Amino acid sequence: MSQFAINIIFVGGSFLLYILIAIWAKAGSTKDFYVAGGGVHPITNGMAIGADWMSAASFISMAGLLAAGGYANSAFLMGWTGGYVLLAMLLAPYLRKFGKFTVPEFIGDRFYSKNARLVAVICLIVASVTYVIGQMAGAGVAFSRFLEVDSTTGLLIAAVVVFVYAVLGGMKGITYTQVAQYIVLIIAYTIPAVFISLQLTGNALPPLGLFGTHTESGMPLLQKLNEVVTDLGFNSYTADVDNKLNMVLFTLTLMIGTAGLPHVIIRFFTVPKVADARWSAGWALVFIALLYLTAPAVASMARLNLLNTIYPQGTQAAPIQYDERPDWIKNWEVTGLIKYEDKNNDGRIQFYNDSPAFKDQAQARGWNGNEMTVNGDILVLANPEIANLPGWVVGLIAAGGLAAALSTAAGLLLAISSAVSHDLIKGSINPDISEKGELMAARIAMAVAIAVATYLGANPPGFAAQVVALAFGIAAASLFPVLMMGIFSKRVNNKGAVAGMLTGLAFTLVYIFVYKGWFFIPDTNNLPDNAANWVLGISPLSIGAIGAIINFAVAFVVSNATEEPPVEIQELVESVRYPRGAGQATDH
């Protein structure tokens with residue numbers, strides 16, 4: 001059986017499962033659509049959160065970034081997991097106690113202001129749309145290889161599948177679909193990792209294999225990897241970072257961005273009790289850890305396998321002939337995600353760090369520049385092919401990669417649609433809309449959001465994980481501070497909340513657009529996106545933490561310069577801080 005046929009079976013079978021679940025769990029009310037009826041078990045919810053969380057950025061792109069940057073990119077792991085601790089301890093139980101459908105509804109009621117609710121809708125949509133761009137880009141990468149189509153066609157297929165099960169099922173359908181997707185993606189991620197760890201280290205547990213011995217050389221795996229990458233002019237894989245400030249801010253941005261992501265927060269409204277919200281977060285950490293403990297090993301082993309493929313006789317010997325390149329390189333060349341240019345006309349693949357520091361060594365070896373570019377987003381998907389694993393493993397990881405991208409895309413699209421239908425239309429434009437009309441508006445809003453995300457996903461402003469990091473920065477600067485102040489400060493009023501959100505959002509977006517392009521449109525950036533041009537060396541990916549600090553400061557200054565919140569709001573804040581139970585999620 002051909003690899004294409006195997007891919008079709010795995011991907012098509014998983015998609016059929018998702019759609020059947022959506023039909024079985026079709027939402028019949030706004031409560032089903034927004035919070036799955038409010039009766040989801042904590043373990044089920046934790047697994048769904050895991051799938052919601054382990055997006056294309058985690059499954060496809062994070063290992064690619066770790067493979068390319070080594071220790072320097074470990075902040076992705078630290079920030080994303082640390083954020084769940086903040087979410088479980090500081091936000092989830094209190095928001096569940098409040099008992100609303102959406103994040104903007106909490107902000108609107110807590111700050112007794114339709115304007116606050118409207119600004120929260122804007123912040124949510126900006127963060128979620130930016131996030132979903134990365135998911136659609138990841139889905140396009142996966143489809144372009146495994147279904148042998150171009151990335152645009154892949155995006156359209158992904159959009160159709162998400163439309164069917166997300167629009168039909170709402171939160172109820174998405175919850176149980178995401179449970180299935182979690183099972184698919186975790187099996188798909190770990191099985192190839194086990195095979196590759198056994199090949200390289202003889203250890204069946206990838207996290208232990210990472211710190212084990214490289215079987216062929218007898219050296220520690222990381223020491224062998226360091227030797228290989230430095231021989232080719234790359235930085236040491238385990239080298240420390242020069243700019244500690246940027247790394248700290250980046251980790252903090254990912255942490256508080258995680259705690260402020262609306263599509264994750266909304267999941268805590270789906271459980272019956274406040275205690276269940278804490279348990280959901282705990283179970284989510286368990287399920288997420290299964291992948292995140294494996295990712296560094298996958299990244300390191302993928303990097304070593306890639307370089308060993310190009311230099312089978314060692315980095316001091318000649319690289320392989322282009323005509324003798326393995327099939328997996330040929331397959332990915334078709335997608336355009338691997339490119340080759342023979343700059344010295346010797347018919348071989350020179351793959352190295354074409355930097356000024358390595359120029360003399362490269363010229364001594366007759367090299368006139370790096371000849372192969374590899375998109376970092378392909379490494380996890382290509383890993384089974386690089387390691388010559390069976391075809392069914394390749395098909396499995398295809399299904400897993402698509403499950404990761406589509407599960408998070410569905411959660412984000414639900415957050416966007418509920419913000420538009422419940423907070424914008426019902427909350428501001430037409431408060432008397434019927435439940436049937438609100439449900440229809442939610443589905444139309446989701447369909448529009450899918451179309452917009454698909455269009456933007458065709459031209460993403462970076463790798464999937466980098467685009468997602470921008471979304472975290474936006475959530476960190478706009479939503480996290482107002483949620484924290486709404487729960488823990490009785491003094492912050494509506495004027496302070498609105499001023500803080502707008503200032504944090506505007507500051508962060510302007511800083512990002514200056515380097516990434518205005519509204520992410522290519523070639524519209526004002527400055528090159530590199531450390532030499534960043535203010536104080538702070539990357540656009542790290543600026544969300546500064547935006548959050550500005551948000552807090554502006555909100556407190558404005559609030560203290562204006563009147564105190566009404567007594568009933570202060571009493572509400574006091575009651576929310578003591579989560580001794582909660583009613584069902586309600587619609588006001």
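Reader: Which element gives the largest share of the lining of the largest pocket?
Author: That share comes from helix α4, which contributes five residues to the lining. Please keep in mind that this is a predicted model.

Reader: What volume does the largest pocket have?
Author: Its volume is about 1400 Å³. The pocket is lined by 44 residues, and Ala68, Gly69, Ala72, Asn73 and Asn235 are the closest to its centre.

Reader: Which elements give two or more residues to that lining?
Author: They are α4 (56–69), α5 (75–98), α11 (244–259), α14 (295–310) and β2 (372–374).

Reader: And how do the lining residues divide by class?
Author: The lining of the largest pocket has 23 nonpolar, 16 polar and five charged residues.

Reader: Turning to helices, at what angle do the axes of α17 and α18 cross?
Author: The axes of α17 (residues 379–386) and α18 (residues 391–429) cross at roughly 175° and come within 9 Å. The angle is over 145 degrees, so α17 is roughly antiparallel to α18.

Reader: Which residues meet there?
Author: From α17 they are Val380, Leu381, Pro384 and Glu385, and from α18 they are Val393, Val394, Ile397 and Gly401. By class, this contact comprises six nonpolar residues, one polar and one charged.

Reader: What does the protein chain average?
Author: The chain averages a pLDDT of 83, and 91% of the residues score at least 70.

Terms used
Residues are numbered from 1 along each chain as its sequence is written. This is a predicted model: local features need pLDDT of at least 70, side-chain atom pairs count only at pLDDT 80 or more; totals for chains, interfaces and linings use all residues. Side-chain values use heavy atoms; hydrogens and water are left out. Axes are lines fitted to C-alpha atoms, for helices over the stretch in contact, and angles run from 0 to 180 degrees between N-to-C directions. Helices (H or I, at least four residues) and strands (E, at least two) are DSSP runs, numbered from the N terminus. Angles under 35 degrees count as roughly parallel, over 145 as roughly antiparallel, 65 to 115 as roughly perpendicular and the rest as oblique. Contact means heavy atoms within 4.5 Å. Ala, Val, Leu, Ile, Met, Phe, Trp, Tyr, Cys and Pro count as nonpolar, Asp, Glu, Lys and Arg as charged, and the others, Gly among them, as polar. pLDDT is the predictor's confidence in each residue, from 0 to 100. On a 1 Å grid over the protein atoms alone, a cavity is a set of points where a 1.4 Å probe fits but cannot get out, and a pocket is an open set with protein on both sides within 12 Å along at least five of seven lines; lining residues have an atom within 4 Å of a point. Grid points are joined across faces, edges and corners, and a volume is the space filled by probe spheres set on the points.
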